[in-house]
Amino acid sequence: MDFQFTERQQELVAAAREVGEKKLLPRVEETMSVEKLAHLRGLMAEQGLLGLNLPEAYGGLGLPLLDTLLVTQALQIVAPILGGIAHRSSTGAVGAIAEYGTDDQRERFVRPSCAGEIGISIGITEPEAGSAATAMTTRAVVEGDEVVLNGRKQFVSFVNYNQYTLVYCRFGTTGRGADIGAVIVPHDAPGFSHSSGTLNMADELLFELYFDDCRVPVENVLIDGGAFGKLISVYNAERLGSIARMIGSAEAAFDYALGYSKQRKQFNREISDFQGIQWMLADMRVKLDAAKMLCYRAAGNAGATGLPNPTETSIAKVFTAKAAKEICDDAIQILGANGYTKEYPLAHRYAEVRGGSIYGGSMQIHKNMIAAALLERRISQWKRD
Ligand SMILES: Cc1cc2nc3c(=O)[nH]c(=O)nc-3n(C[C@H](O)[C@H](O)[C@H](O)COP(=O)(O)OP(=O)(O)OC[C@H]3O[C@@H](n4cnc5c(N)ncnc54)[C@H](O)[C@@H]3O)c2cc1C
């Protein structure tokens with residue numbers, strides 16, 4: 001066990017941070033138009049910041065998962081949108097296509113995603129299937145050389161910026177998880193539409209997707225059922241990607257509050273002179289380091305497969321989601337009223353990490369999974385009549 005980063009990892013992080021601050025940050029706007037986001041994505045591809053962990057054979061950089069998360073985290077510190085783009089093009093939905101797709105699918109989706117030409121959302125959640133994801137009813141039926149989808153998804157991120165959604169859907173009719181597979185749906189497919197989006201706390205849009213006899217070429221079927229477990233094993237890498245983003249935001253909030261505490265004077269002395277502030281800073285740093293260790297352990301242990309252990313992922317998620325909220329909350333406290341205004345970056349950092357307790361499996365669902373691993377048994381949450 002080695003707790004030091006290699007020289008290469010340190011260089012990667014420093015380079016990502018420098019490119020982020022000097023070349024990318026000047027292109028980041030509070031509300032990004034579709035065109036400007038596409039431009040930013042292209043710029044990130046040119047700088048080698050997309051497809052971080054994806055195979056070099058399909059345009060990726062082939063980095064280990066840990067290095068991928070370190071770069072994502074470094075970009076997230078600079079600006080959440082940069083961490084978000086790096087995450088989505090590396091550990092996002094595209095990862096499932098890299099893992100399970102045909103060569104043709106990898107050429108059509110993984111390569112252009114690594115090149116920053118396309119983006120792929122992920123559609124799992126439905127109105128009646130949130131935490132109980134396997135209750136999804138969106139149905140896919142293969143008809144000749146097409147697959148026909150009917151149903152609805154909700155709370156899907158980034159749909160306005162992306163060209164495709166990887167839609168989890170039911171191929172069979174047993175009503176069990178075994179029916180579930182996934183289809184790559186282009187946003188211009190006939191029978192597909194989406195809402196104009198609902199703003200979340202962090203001012204990001206979440207979309208409803210509608211499939212009304214939506215027809216997609218059968219070549220876009222990623223897996224036709226029997227695959228929920230397989231999809232979720234790749235999804236654990238996605239979970240770690242968003243954990244790295246939470247850590248990046250918590251670190252940015254911590255750094256900001258630390259700097260502020262050394263400048264701001266009350267009672268004729270810096271507020272960092274007060275033990276009440278010092279202990280808050282110490283607690284923040286302890287939580288930040290602990291979150292990093294758990295995240296890096298899960299990523300480091302993923303090894304060559306790049307597929308992290310589910311329990312280690314859940315442990316990292318439960319700790320980080322709570323710690324990141326508390327760190328951002330303490331950072332706001334250290335800034336006083338300034339921290340609570342939108343003039344300062346902390347309110348946004350808090351709003352953003354707050355979602356981490358809900359998406360990608362809520363805190364409670366991850367605790368259920370940790371308990372099931374501890375007790376070595378499946379603990380069904382379903383009510384039996
Ligand atoms: C910022 C953000 C981005 C998102 N992006 C996407 C996306 O791109 N694609 C996508 O498909 N979805 C996305 N989601 C949706 C997300 O995956 C769901 O919100 C999540 O699965 C929880 O479902 P729900 O909101 O319906 O909550 P519910 O399932 O209704 O849960 C409500 C509460 O009950 C608790 N609960 C439920 N079941 C149990 C149980 N068995 N034991 C203990 N507690 C339980 C939950 O923890 C929660 O606190 C996003 C959500 C957020 C907040």
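Author: Gladly! Axes here are lines fitted to C-alpha atoms, for helices over the stretch in contact, and angles run from 0 to 180 degrees between N-to-C directions. Please keep in mind that this is a predicted model. On that basis, the axes of helix H9 (residues 310–335) and helix H12 (residues 363–375) come within 9 Å and cross at roughly 140 degrees. The crossing of H9 and H12 is left-handed.

Reader: Which residues of H9 and H12 meet?

Author: From H9 there are Thr311, Ser314, Ile315, Lys317, Val318, Ala321 and Lys322, and they meet Met363, His366, Lys367, Met369, Ile370 and Ala373 of H12.

Reader: Why is Ser357 called buried?

Author: Buried means under 20% relative accessible area. Ser357 has 6% relative accessibility, so Ser357 counts as buried. You will find Ser357 in the loop between helix H11 (346–354) and H12.

Reader: What does Ser357 touch, not counting residues up to four places away in sequence?

Author: Ser357 touches Ala321, Lys325, Ser362 and Met363. Ser357 and Lys325 are 32 residues apart along the chain, and their C-alpha atoms are separated by 8.8 Å.

Reader: What makes Pro345 partly exposed?

Author: The label lies between two cut-offs: buried is under 20% relative accessible area and exposed is over 50%. Pro345 has a relative accessible area of 36%, so Pro345 is partly exposed. Pro345 is in the loop between helix H10 (337–340) and H11. In sequence Pro345 and Ala252 are 93 residues apart, while from C-alpha to C-alpha they are 9.1 Å apart in space.

Reader: How many disulfides does the structure hold?

Author: The structure holds 0 disulfides. A disulfide is a covalent bond between the sulfur atoms of two cysteines.

Reader: What about Cys328 and its closest cysteine sulfur?

Author: For Cys328, the closest cysteine sulfur is in Cys295 at 15 Å, which is therefore too far for a bond. Cys328 counts as buried, at 0% relative accessibility.

Reader: Which residues of helix H6 (residues 103–114) are buried?

Author: In H6 they are Gln105, Arg106, Phe109, Val110, Pro112, Ser113 and Cys114. Just after H6, Gly116 takes a positive phi of about 80 degrees.

Reader: What does UniProt list for residues 6–117?

Author: An unreviewed UniProt entry lists "domain: Acyl-CoA dehydrogenase/oxidase N-terminal" for residues 6–117. Over residues 6–117 the chain is 67% helix and 0% strand, with the end C-alpha atoms 32 Å apart. For residues 122–214, the UniProt annotation, again from an unreviewed entry, is "domain: Acyl-CoA oxidase/dehydrogenase middle". Residues 122–214 are 0% helix and 52% strand, and the end C-alpha atoms are 17 Å apart.

How values were computed
Residues numbered from 1 in each chain as written. Predicted model: local features only at pLDDT ≥ 70, side-chain atom pairs only at ≥ 80, totals over all residues. Heavy atoms only, no water. Helix = DSSP H or I, 4+ residues; strand = E, 2+ residues; numbered from the N terminus. Left-handed = near helix turned anticlockwise from the far one by under 90°. Contact = heavy atoms within 4.5 Å. UniProt positions renumbered as here; feature names shortened; annotations may be inferred. Buried < 20%, exposed > 50% of the residue type's maximum accessible area, 1.4 Å probe, protein only. Disulfide = S-S within 2.5 Å.
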